[in-house]
Amino acid sequence: LFDGIYPFYSQQRKAAVFDISTIIIIAVFLTLACSFLLIIPGIRGRARLYWTLRVLLSLFVGVAIVVVQFTGDWETGWVQANTSYKSFSHVQVNADIGLHIGLAGLNITLRGNPVNQINETINYNEHFPWNFGADYDRSYSEGLEKGLPSPILYVAEKFSRQSPCAVHSQYRMAGHYASAMLWVAFCTWIISNILFSMPVLIYGGYMLLVTGAFMIFSLLSFSTVRNSPMCLIQIGTRTLHVAYGGSFWLMLAIGLLCFVVGITTVAMHHLNLDLLKTFFDLREDKAEEYQEMPEVFINPHFVNKG
């Protein structure tokens with residue numbers, strides 16, 4: 001050691017707590033929500049409640065569509081095992097090994113039980129990208145050069161191009177098409193909001209149905225990776241299994257929500273259009289539309305002349 005640091009390796013990296021892209025996206029949408037809450041007192045009557053419900057629900061759908069592009073929990077798995085820590089060493093450590101698969105790559109987490117073992121802090125979270133423009137094998141080679149712990153390299157090797165598991169191209173293509181469909185869903189979400197602000201509510205409902213459809217298509221695209229058998233990830237005497245994570249189920253729930261809201265909007269357009277316009281604050285005030293003039297002033301000069 002040289003002043004507490006390995007002379008041939010970079011300083012040990014700590015596990016990431018938050019993803020920067022996710023924080024930026026959430027901050028932007030929170031700013032929009034707070035801006036709306038500042039002007040909501042200017043809306044009178046029941047329309048205030050309707051506006052609050054519509055805007056907050058719409059912003060939630062929009063932020064979810066964008067955030068899941070950068071999350072790493074479309075598939076997740078955890079296992080606790082006794083495993084070797086470094087290559088060419090028989091030292092065993094007890095640790096939690098986590099695998100988090102996203103659309104653009106995977107994260108491998110290694111956390112010791114306890115964190116401080118064999119005079120080291122065992123707390124890693126390494127990212128290996130496979131999106132277009134990124135080189136997964138290069139990231140794996142850099143991990144070898146940095147001397148990452150053996151469990152991380154072992155799991156990462158399962159998803160490399162040279163691995164006999166042959167799942168790299170499947171995950172890469174599935175994540176690419178799922179991401180593309182979600183961006184289309186985001187565009188249709190914007191169009192639906194524009195249509196809902198105009199007196200063409202039924203087309204806004206149709207566009208919301210299209211938004212939900214593209215969300216479901218993205219889930220179907222990602223789920224195609226399950227068509228091929230997954231290699232066993234054996235760590236010590238335990239096996240690491242993965243299952244659909246929070247982002248997958250969140251997209252499924254929001255997609256179904258878009259279907260429900262879209263179908264309800266279309267049905268209300270045919271069954272009770274006045275109630276639908278009232279909810280979207282587009283109903284004309286009939287009292288003002290048909291209000292008659294209380295007094296009529298006539299110039300007597302023109303009356304006598306006539």
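Modeller: The chain has 10 helices and seven strands; helices (H or I, at least four residues) and strands (E, at least two) are DSSP runs, numbered from the N terminus. This is a predicted model, in which local features need pLDDT of at least 70 and side-chain atom pairs count only at pLDDT 80 or more, while totals for chains, interfaces and linings use all residues. Residues are numbered from 1 along each chain as its sequence is written, and side-chain values use heavy atoms, with hydrogens and water left out.

Biologist: What percentage of the residues in the chain is buried?

Modeller: Buried means under 20% relative accessible area, exposed over 50%, and partly exposed in between (1.4 Å probe, protein chains only). Of the 306 residues in the chain, 40% are buried. As for contacts (heavy atoms within 4.5 Å), residues 24 or more positions apart account for 67% of those with a separation of 6 or more.

Biologist: How is the packing of two helices described?

Modeller: Two packed helices are described by the angle between their axes and the distance between the axes. Axes are lines fitted to C-alpha atoms, for helices over the stretch in contact, and angles run from 0 to 180 degrees between N-to-C directions. Angles under 35 degrees count as roughly parallel, over 145 as roughly antiparallel, 65 to 115 as roughly perpendicular and the rest as oblique. Here, helix α6 (residues 201–223) packs with helix α7 (residues 246–271) at an angle of about 155 degrees, their axes being 8 Å apart. This makes α6 roughly antiparallel to α7.

Biologist: Which hand does the crossing of α6 and α7 have, left or right?

Modeller: A crossing is left-handed if the near helix is turned anticlockwise from the far one by less than a right angle, and right-handed if clockwise. The crossing of α6 and α7 is left-handed.

Biologist: At what angle do the axes of α2 and α5 cross?

Modeller: They cross at roughly 160 degrees, and the axes of helix α2 (residues 47–67) and α5 come within 9 Å. The two helices are therefore roughly antiparallel to each other, and the crossing of α2 and α5 is left-handed. In α2, Ser 58, Leu 59, Val 61, Gly 62, Ile 65 and Val 66 meet Leu 182, Trp 183, Ala 185, Phe 186, Trp 189 and Asn 193 of α5.

Biologist: Is Ser 218 buried or exposed?

Modeller: Ser 218, in helix α6, is buried, with a relative accessible area of 0%. Not counting residues up to four places away in sequence, Ser 218 touches Ala 178, Met 181 and Leu 182. By contrast, Ile 191 in helix α5 is partly exposed, at 39% relative accessible area.

Biologist: Which residues of α3 are buried?

Modeller: In helix α3 (residues 136–146), the buried residues are Tyr 136, Asp 137, Ser 139, Tyr 140 and Gly 143. They cover an arc (taken from the directions from the helix axis to the C-beta atoms) of only 160 degrees around the axis, which puts them on the same side of α3. The face turned away from that buried side carries the exposed residues Arg 138 and Glu 145. Among the elements covering the buried residues of α3 are β3 (105–117) and α5 (168–196).

Biologist: What follows α3?

Modeller: Gly 147 follows α3, and its phi is positive, near 75 degrees.
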